Amino acid sequence: MAAWVQKNRTTLGIGLGVLVAAYVFYYAKHDIAPSMFGAAWGYAIPLVLAALVGVIGERSGVVNIGIEGQMLLAAFAGFFGAAYSGSMIVGILAGVGTGLIAGGFLAWTTVRWRMDQIIAGVVLNIIATGITSFYLKSGEILPGVIPNVDVPLLKEIPLIGETFFSGRSAIALVAILAAVVVHLALFHTRWGLRTRAVGEYPSAADTAGINVERLRLVNVTLAGSLAGLAGLYLSMDASASFERGITAGRGFLALAIMIMGAWRPLRALVMALFFGFINAVASQLQLTGGFDVPPQLTGTLPYVATLVVLAVAAGRVRGPAAAGQPYVKKDQ
Amino acid sequence: MSERTPEPPDVHTDPQAAVDVHLDTSQEHLASVVTNEAILELPPEQSGFGEGVVGEVLLDIEGLSKSFGSVRANRDISLSVRRGEIVALLGENGAGKSTLVNQIFGLITPDTGTVAIKGDATPIKDPRDAIARGIGMVHQHFQLVPVMTVAENMVLGHETTRGGGVLDLAAARTMVRELSAKHGLAVDPDTEVEDLPVGTQQRVEILKALSRKVDLLILDEPTAVLTPQETDELLAVMKELANSGTSIVFITHKLREVLAVADRVYVLRQGAVVGEVATKDTDAKGLATMMVGREVVLSIDKSAASPGETVLEVQDLHVVDDRGLGAVNGFSLSVRAGEIVGVAGVEGNGQRELVEALAGMRKVVSGRMALGSLDLTRANPHQTHHAGVGHVPEDREKHGLVGTYSIADNLVLNEFDQAPYAKSGVRQFDAVRENAEKLREEFDIRSSGVMQTAGSLSGGNKQKVVVAREMAFKPKLLMAAQPTRGVDVGSIEFIHRRIVEARDEGAAVLLVSAELDEILSLSDRIAVVHGGAVVAEMDAKDADRTEIGRLMAGDH
């Protein structure tokens with residue numbers, strides 16, 4: 001434990017600082033702070049899920065720039081699945097299933113057939129945009145809502161309980177849970193060790209008797225379900241409608257968050273929150289005015305923040321070495 | 001190395017007897033170092049326990065063939081390995097040795113023929129299958145994940161877990177410590193592999209192989225990256241393992257090592273076994289002749305040097321490495337025309353940075369270097385080349401060749417934009433081809449033609465392309481860094497001869513090599529480096545092997 005604290009002291013220090021600042025802000029500006037934190041998390045939810053898709057993919061050695069497309073397809077399938085069947089459950093299953101299928105598409109093209117990973121991702125995005133724009137029907141409505149969940153005890157905590165554990169949709173809880181589970185799995189299980197080995201140095205994994213291709217196929221495909229959830233959140237929870245291009249570049253933002261989070265699930269969660277908060281600040285500035293700043297300029301705040309953080313992070317963090325490279329055995 | 005082998009035996013002086021000296025063959029000792037407890041159950045005549053005893057047939061290969069396209073990498077190979085035996089596979093680059101062992105380990109599927117392990121001839125499906133059947137392999141390019149710790153690397157593929165899939169790294173660390181104590185190979189389980197020196201990485205590789213139940217250990221060119229001391233340690237470990245009933249198949253170019261540890265040798269040439277011999281019935285010359293198919297001159301015949309005026313003058317040079325740490329610290333040396341100066345030293349003592357600085361590839365922090373009256377301290381590689389410096393780089397794949405270009409283009413890589421290879425900015429392909437044909441002939445580059453890509457050549461022939469290019473323009477200074485690393489005997493002989501010829505034609509030669517043998521046989525003068533500076537300079541004819549070894553180790 002002491003060694004762990006010593007090793008992660010920078011992260012812990014920054015984390016503690018941010019937490020203290022958040023509480024200070026929370027009590028000092030109690031009129032706007034709770035809603036800003038709420039908005040921040042609301043914005044971050046799909047980003048967390050999507051960033052996890054990226055983390056799992058790249059940790060296994062597959063660059064996934066098709067997250068945007070996966071989300072879009074899932075948002076589409078989920079919304080219209082629910083609308084036509086009249087059942088939210090069917091919609092959710094359709095959305096998650098579509099995410100899986102899209103993940104499988106990426107996995108098979110890049111891992112089994114060794115197609116260029118960037119091109120495969122772009123293809124997925126184009127297909128998704130095409131399909132969802134072409135078959136789009138307006139005027140459909142959802143038969144219900146995704147239930148909100150209160151977590152007993154945890155919801156009593158000021159700030160944290162209010163923001164994360166009270167009156168939040170089930171998908172939000174799943175996002176937190178997923179980040180924790182993926183983190184533990186990646187760094188503390190056999191699956192995680194193998195996945196990281198496959199993403200860093202696949203031939204070492206191969207000679208140690210690990211089936212590189214199969215592990216990559218399974219990981220990339222299963223990660224698709226999280227992209228599915230992220231998409232569902234957008235069309236069935238956050239807005240309860242499907243619009244053309246509803247994902248609005250969040251799949252790509254998620255990749256930036258993945259890098260800012262150094263390919264680690266929990267850091268990605270924190271980074272998504274940071275990004276959400278900047279976004280909330282931008283909206284708040286537009287709302288309250290006060291400053292004599294044109295709204296177009298405040299709207300760029302999140303993107304400027306991303307640029308700054310990425311510029312700082314670049315060179316300090318190092319991604320999985322084999323991400324982006326198909327693994328070819330000696331014999332083939 | 002603990003108390004079992006108090007000091008690394010000196011293989012250099014007496015290859016035949018060397019490593020045997022400190023072996024303990026008592027039952028208790030063998031039982032304590034054994035890699036696979038099942039061996040203990042076997043009677044001695046099967047287990048191969050103890051010196052000179054060989055046991056059951058562990059590996060039996062019959063009529064193995066493998067082709068890649070039109071290249072027949074292995075042709076009808078038959079060989080067998082008994083328990084407790086050390087078998088060397090000897091051959092030139094491209095003779096098919098790696099292909100052969102990769103088939104034993106299940107990385108490559110044979111076209112025809114069978115590989116039987118302990119009498120079981122079921123085809124080996126993949127590495128997992130090979131491991132399960134008691135085969136361990138240490139690859140030429142280490143198969144370790146750089147960003148993971150030693151312990152994590154060791155358990156990869158057979159993880160110790162508790163409660164389902166949860167990793168038990170504490171158990172892994174214990175396992176590493178136990179194994180490392182048992183075999184006398186010291187490693188720290190918590191260091192990340194990328195922070196370890198090459199020699200230690202190899203220890204990890206070997207321990208990784210031993211952490212499974214191993215009957216047969218395959219070592220693919222294990223000594224290529226090791227210093228002489230590390231090599232001796234490794235040879236002692238190999239002997240020890242063989243005595244405890246583990247068979248070893250190892251690939252090497254170095255005859256000395258074969259004679260020092262192997263019981264039997266299979267010599268491969270052009271994918272086929274051309275000879276099988278017990279090491280006690282042969283010598284270096286016999287093995288080299290079998291490898292190349294003709295008599296090989298192992299010692300270089302050279303006349304005494306007749307040095308002229310000073311060509312290269314290096315004064316108090318300081319250069320930093322990639323991490324920004326001082327690698328070359330006050331290096332001073334002068335090389336005269338018509339002499340070969342050998343820079344001897346354990347790798348990582350600034351040799352790489354020195355050569356890169358001299359070639360203009362690395363910035364000089366302070367100090368001065370000059371070629372005749374020309375100051376080269378701030379020169380770039382283009383300028384150094386045109387000043388008359390020929391550079392045979394240490395890493396030929398990265399700095400010596402463009403693998404996807406043809407041999408012809410590689411041969412004019414630093415002069416492609418000048419007459420006669422280009423006129424008014426237009427390349428003259430006839431001249432390029434003519435030059436290539438001439439050099440191919442002269443330097444005996446074995447290829448299907450000069451338009452073949454350089455990347456598809458074997459190691460020795462790649463090196464000949466580099467050497468041909470750097471020598472063809474008659475440089476005033478020839479810098480050769482590890483000129484024969486990973487190169488077969490025939491090509492070594494050839495390259496050595498050419499270096500001596502360059503000297504006789506009046507070039508100053510700076511030879512940097514980790515092979516002490518090479519330094520001793522080629523140099524006229526020897527500079528020993530340690531910590532990035534010259535610690536001793538001597539005439540080659542007064543040089544003493546052990547003395548240089550001591551200086552290299554920093555004892556001065």
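Two strands count as paired here if DSSP finds at least two bridges between them. With that in hand, let's look at this predicted model, where chain B holds an open sheet of 6 strands with mixed pairing.

- Reading across, the strand order is E17-E20-E21-E14-E22-E23.
- Strand E17 (389–392) and strand E23 (533–539) are the edge strands, so to speak the two ends of the row, as each pairs on one side only.
- Direction ignored, neighbouring strands of this sheet are turned by 15 degrees against each other on average.
- Inside the row, E20 (residues 477–481) and E21 (residues 508–513) of chain B run in the parallel sense and share 5 bridges.
- If you want a residue pair to click on, B:Met479 sits opposite B:Leu510 in E21(B).

**Helices across the sheet**
- Helix H17 (residues 459–472) of chain B lies across E17 and E20, and its direction is at about 175 degrees to E17(B).
- Helix H18 (residues 489–504) of chain B lies across E20, E21 and strand E14 (340–344), at about 150 degrees to E21(B).

**Where chain B touches chain A**
- Chain B puts 22 residues into the contact, and chain A puts in 18 residues.
- On the chain B side, helix H5 (127–132) and strand E7 (166–167) each supply at least two residues.
- H5(B) gives the largest share of that side, with 3 residues.
- By type, the chain B side splits into 12 nonpolar, 7 polar and 3 charged residues.

Notes: Residues numbered from 1 in each chain as written. Chains lettered and ligands numbered in written order. Predicted model: local features only at pLDDT ≥ 70, side-chain atom pairs only at ≥ 80, totals over all residues. Helix = DSSP H or I, 4+ residues; strand = E, 2+ residues; numbered from the N terminus. Axes fitted to C-alpha atoms, helices over the stretch in contact; angles between N-to-C directions. Contact = placed C-beta atoms within 7 Å. Nonpolar A, V, L, I, M, F, W, Y, C, P; charged D, E, K, R; others polar.
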